[in-house]
Amino acid sequence: MVKLLTGIRTAGNHFFTQQKFPEARRKYRKGNRYYNLLRLRFEKKDNKHTTRVEDDIKKLEVFSAINHTNLAAVELKLQKYFEAKHSSSEAGTENIMFVCK
């Protein structure tokens with residue numbers, strides 16, 4: 001599942017390097033939508049979280065932090081400053097502990 005999300009983010013990175021910022025933004029936002037769906041799936045499970053599930057959740061959180069950072073960068077390029085601020089805050093403190101581990 002994280003491979004799928006990473007593939008979407010990689011497509012966004014490709015567009016970003018080609019300075020196709022609207023296309024890159026679409027890919028990063030798509031990654032966020034998929035992340036939100038997967039995260040909800042884990043939250044709704046009634047069974048106990050195993051070590052494997054916890055590892056998957058950590059990988060999702062790392063993906064989210066990186067993807068939001070990329071989204072903030074592309075929004076700055078598009079001069080969408082309010083959205084960039086929101087994206088950078090989403091990448092911030094609630095996710096930073098997973099990136100540092």
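This is a predicted model: local features need pLDDT of at least 70, side-chain atom pairs count only at pLDDT 80 or more; totals for chains, interfaces and linings use all residues.
Helices (H or I, at least four residues) and strands (E, at least two) are DSSP runs, numbered from the N terminus. Over residues 93–101 the pLDDT is below 50. Beyond near neighbours in sequence, that stretch has 10 contacts in the model, a contact being heavy atoms within 4.5 Å.

**Ground rules**

- Local features need pLDDT of at least 70, and side-chain atom pairs count only at pLDDT 80 or more, while totals for chains, interfaces and linings use all residues.
- Residues are numbered from 1 along each chain as its sequence is written, and side-chain values use heavy atoms, with hydrogens and water left out.

**Overall build**

- The chain has a mean pLDDT of 85. A pLDDT of 70 or more is reached by 85% of its residues.
- The chain holds 5 helices and 0 strands. Along the sequence the pattern reads α-α-α-α-α.
- Of the 101 residues, 34% count as buried. Buried means under 20% relative accessible area, exposed over 50%, and partly exposed in between (1.4 Å probe, protein chains only).
- Among contacts in the chain with a separation of 6 or more, 61% join residues 24 or more positions apart.

**Nonpolar cores**

- A nonpolar core is a set of buried Ala, Val, Leu, Ile, Met, Phe, Trp, Tyr and Cys residues joined through side-chain atoms within 4.5 Å.
- The largest such core has 8 residues: Leu-5, Tyr-35, Leu-38, Phe-42, Val-53, Ile-57, Leu-60 and Phe-63.
- Two or more of these residues come from each of helix H2 (21–44) and helix H3 (51–77). H3 gives the largest share, 4 residues.
- In soluble globular proteins, nonpolar side chains tend to be buried together.

- The whole structure contains 2 salt bridges. A salt bridge is a side-chain nitrogen of Lys or Arg within 4 Å of a carboxyl oxygen of Asp or Glu.
- One pairs Arg-25 with Glu-75, at 3.4 Å from N to O. Arg-25 lies in helix H2 and Glu-75 in helix H3, so this pair ties together parts 50 residues apart in sequence. Both Arg-25 and Glu-75 are buried.
- Glu-61 forms a salt bridge with Arg-39, with the closest N and O atoms 2.9 Å apart. Glu-61 is in H3 and Arg-39 in H2, so the link spans parts 22 residues apart in sequence.
- Glu-61 counts as buried because its relative accessibility is 6%.
- Side chains of opposite charge can pair when their charged atoms come close.

**Helix H3 and what follows**

- The expected span of a helix is 1.5 Å times one less than its number of residues. H3 has 27 residues, so it should span 39 Å; its end C-alpha atoms are 40 Å apart, which agrees.
- Just after H3, Gln-79 takes a positive phi of about 60°.
- Glu-90 belongs to helix H4 (residues 81–90). Glu-90 counts as partly exposed because its relative accessibility is 28%.
- Glu-90 and Ser-64 are 26 residues apart in sequence, yet their C-alpha atoms are 8.3 Å apart in space.

Definitions and conventions: pLDDT is the predictor's confidence in each residue, from 0 to 100.
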